[in-house]
Amino acid sequence: GKSLGVLALRPRRPETPLDPDQRHMLETFATQLAIAMERTAFASEAETARRETETEQIRSSLLSCVSHDLRTPLAAIGGSASTLLQNKDRLSEATQNELLRSIVDETDRLNQLIGKLLDMTRLEAAGFQLQKDWYPIDELVGAALTRLNSTLKNYNVATEIHDDVPLLHVDGPLIEEVLANLLENAARYSPSGSQLAVRAEAKPGNVLIEVMDEGPGLEPGTERNIFRRFVRHRPPSDRQGAGLGLAICHAVVRLHVGEIGAENRPSGGARFWFTIPVDSGAPRAIDELDP
């Protein structure tokens, strides 16, 4: 369709003209080279178009997220605040407290959403480096549970950490973020009073961490895409998130050269799992040392 370059030929013996067979062979070679170069150019253009499409989809998803997930809590905060301001003298103390609680809850929701957007941006920034140190997995699980104390207060949370789980060489705050997001996701889609479980065990070459719930499970066929940004594949609930928590989990685990996945449990509910590679130079815990 267009010129991609110029091919020049300098014969070793300029005084000897090319015979028809030689010229035909050279033209054939030139045609094959041109086709290969054109194919490469088309592939490059297709990749650029794919990236532009993906970027546009992300931008569209982000705008959709902003228009709904940011406007909803802002509208609730504004409505509650204006009601208090204009009708304070006519509202009972219980109603005032309810409106104030709504403002606090929606502010927390807005803060969490903005925090996740910033986390996703930071994780995908060029040159991002993990700040690794040695952590026992039970410490990270405990920190995540403490952080979600109010969110999980109506659930029975069971933990099972095997004794043979070694120390993990990880970015502690980020792995804590993974556990918190998985637990928060499990609570969001599980009925109040049900059991959530966190389990960790050593496997050959890595540590397997699982978060399980007793909710409705995952829609069949969505297990692979559930960790994409702004994707919400679980059955609807009255407390849907922005579809960022699981994407953050995926990004953090991949930065640690681990794997992450999700599936439905035979007994009902969903099972989310991720692995962290074991470092052969892990120090021994104090209670493992010889007396």
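**Exercise 1. Determine which strand is joined to E5 by seven antiparallel bridges on the side of residues 270-277, and find a pair of facing residues.**

Solution. In this predicted model, E5 is linked through seven bridges to strand E7, which covers residues 270-277, and the two run antiparallel.

**Exercise 2. Describe how strand E4 is joined to E5, and what lies between the two strands.**

Solution. Begin with the pairing: strand E4, made of residues 195-203, is connected to E5 by seven bridges, and these strands run antiparallel. Within this pair, alanine 197 faces methionine 212 of E5. Next, consider the connection, where two residues separate E4 from E5 in a hairpin, and where glycine 205, located in the turn, has a positive phi of about 85 degrees.

**Exercise 3. Decide whether strand E5 is largely enclosed or left open by the rest of the structure.**

Solution. The cut-off needed here is that a residue counts as buried when its relative accessible area is under 20%. Of the seven residues of E5, numbered 206-212, six are buried, and therefore the strand is largely enclosed by the rest of the structure.

**Exercise 4. Work out the order of the strands in the sheet, and state which strands stand at its edges.**

Solution. The open sheet consists of five strands with mixed pairing, and they follow the order E2-E4-E5-E7-E6. Strand E2 (156-161) and strand E6 (260-264) stand at the edges, and because each has a single partner strand, one side of each is left without a neighbour in the sheet. From one strand to the next, the twist averages 15 degrees. As for the parallel part of the pairing, E2 and E4 are joined in that sense over six bridges, and isoleucine 161 stands opposite alanine 200 in E4. Finally, helix H4, formed by residues 172-188, packs on the sheet, where it touches E4, E5 and E7, and its direction makes about 175 degrees with that of E7.

Conventions
Residues numbered from 1 in each chain as written. Predicted model: local features only at pLDDT ≥ 70, side-chain atom pairs only at ≥ 80, totals over all residues. Heavy atoms only, no water. Buried < 20%, exposed > 50% of the residue type's maximum accessible area, 1.4 Å probe, protein only. Helix = DSSP H or I, 4+ residues; strand = E, 2+ residues; numbered from the N terminus. Pairing = 2+ DSSP bridges. Axes fitted to C-alpha atoms, helices over the stretch in contact; angles between N-to-C directions. Contact = heavy atoms within 4.5 Å.
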